[in-house]
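Please work through each task before reading its solution.

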Amino acid sequence: MSDVTESPKIPDFLCCVDCVGFNLRKATRAVTQLYDEMLRPAGIRVTQYSLLVVLKIVGPVLVTDLAEKIVMDRTTLSRNLELMEKQGLVNVVPGEDRRTRCVTITESGSAVLLEAYPLWQHAQDKIRESMGEERLQALMADLSALIDVSQAR
């Protein structure tokens with residue numbers, strides 16, 4: 001009998017280079033930087049732009065429902081909304097139930113959204129021109145499928 005104990009096999013971490021989570025976050029950071037740069041003249045970031053767009057489309061919405069719709073945890077969303085409320089872009093008021101809060105876009109938020117729209121469109125066009133329409137549509141479909149797979153628990 002040997003006194004030599006086998007050491008556990010160390011995984012080959014090179015396979016992690018293909019990690020979907022890591023690569024999506026990396027791509028998200030790069031795309032966010034592009035949109036933030038393009039939206040800078042309007043004084044907002046892409047996260048704020050996206051929230052304003054959703055609020056413009058859906059109208060008044062409970063924070064919980066908004067968080068679910070945009071797949072964001074409520075704490076992060078609340079921090080974003082607090083900043084946007086200080087900027088006068090949104091109103092956050094108690095809902096019918098004291099435990100809920102309702103969010104609406106303000107007139108100022110709508111004005112900023114209109115100012116930011118052509119800047120957003122420019123960023124969108126830059127990506128569309130670089131990737132091509134077919135690849136971009138395939139990417140959007142794949143991202144939707146990935147969201148579905150990730151949420152199926």
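**Exercise 1.** Determine the handedness of the crossing of α2 and α5, and describe the packing of these helices.

*Solution.* 
Step 1. The crossing of α2 and α5 is left-handed; a crossing has this hand if the near helix is turned anticlockwise from the far one by less than a right angle, and is right-handed if clockwise.
Step 2. On the α2 side the contact (heavy atoms within 4.5 Å) is formed by Y49, L52, V53 and K56, and on the α5 side by G109, S110, L113, A116, Y117 and W120.
Step 3. Classified by residue type, the contact of α2 with α5 comprises 7 nonpolar, 2 polar and 1 charged residues. Here Ala, Val, Leu, Ile, Met, Phe, Trp, Tyr, Cys and Pro are nonpolar, Asp, Glu, Lys and Arg are charged, and the others, Gly among them, are polar.
Step 4. Helix α2 spans residues 46-58 and helix α5 residues 107-131; their axes lie 10 Å apart, at an angle of about 120°. Axes are lines fitted to C-alpha atoms, for helices over the stretch in contact, with angles from 0 to 180 degrees between N-to-C directions.
Step 5. α2 and α5 are therefore oblique to each other: under 35 degrees counts as roughly parallel, over 145 as roughly antiparallel, 65 to 115 as roughly perpendicular and the rest as oblique.

The model is predicted: local features need pLDDT of at least 70 and side-chain atom pairs pLDDT 80 or more, whereas totals for chains, interfaces and linings use all residues. Residues are numbered from 1 along each chain as its sequence is written, and side-chain values use heavy atoms, without hydrogens and water.

**Exercise 2.** How are α5 and α6 oriented to each other, and which residues meet?

*Solution.* 
Step 1. Helix α6 covers residues 133-151, and its axis comes within 6 Å of that of α5, crossing at roughly 110°.
Step 2. α5 and α6 are therefore roughly perpendicular to each other.
Step 3. From α5, I127, R128 and M131 meet E133, R135, L136 and L139 of α6.
Step 4. This contact of α5 with α6 contains 4 nonpolar, no polar and 3 charged residues.

**Exercise 3.** Is T106 buried or exposed, and what does its side chain reach?

*Solution.* 
Step 1. T106 lies in the loop between β3 (101-105) and α5.
Step 2. T106 counts as buried because its relative accessibility is 12% (buried is under 20%, exposed over 50%, partly exposed in between; 1.4 Å probe, protein chains only).
Step 3. The side chain of T106 reaches the backbone nitrogen of G109 at 2.9 Å, and a polar atom of this side chain lies 2.5 Å from the backbone oxygen of G88.

Note on methods:
Helix = DSSP H or I, 4+ residues; strand = E, 2+ residues; numbered from the N terminus. Polar contact = N/O pair within 3.5 Å; in protein donor to acceptor, adjacent residues only side chain to side chain.
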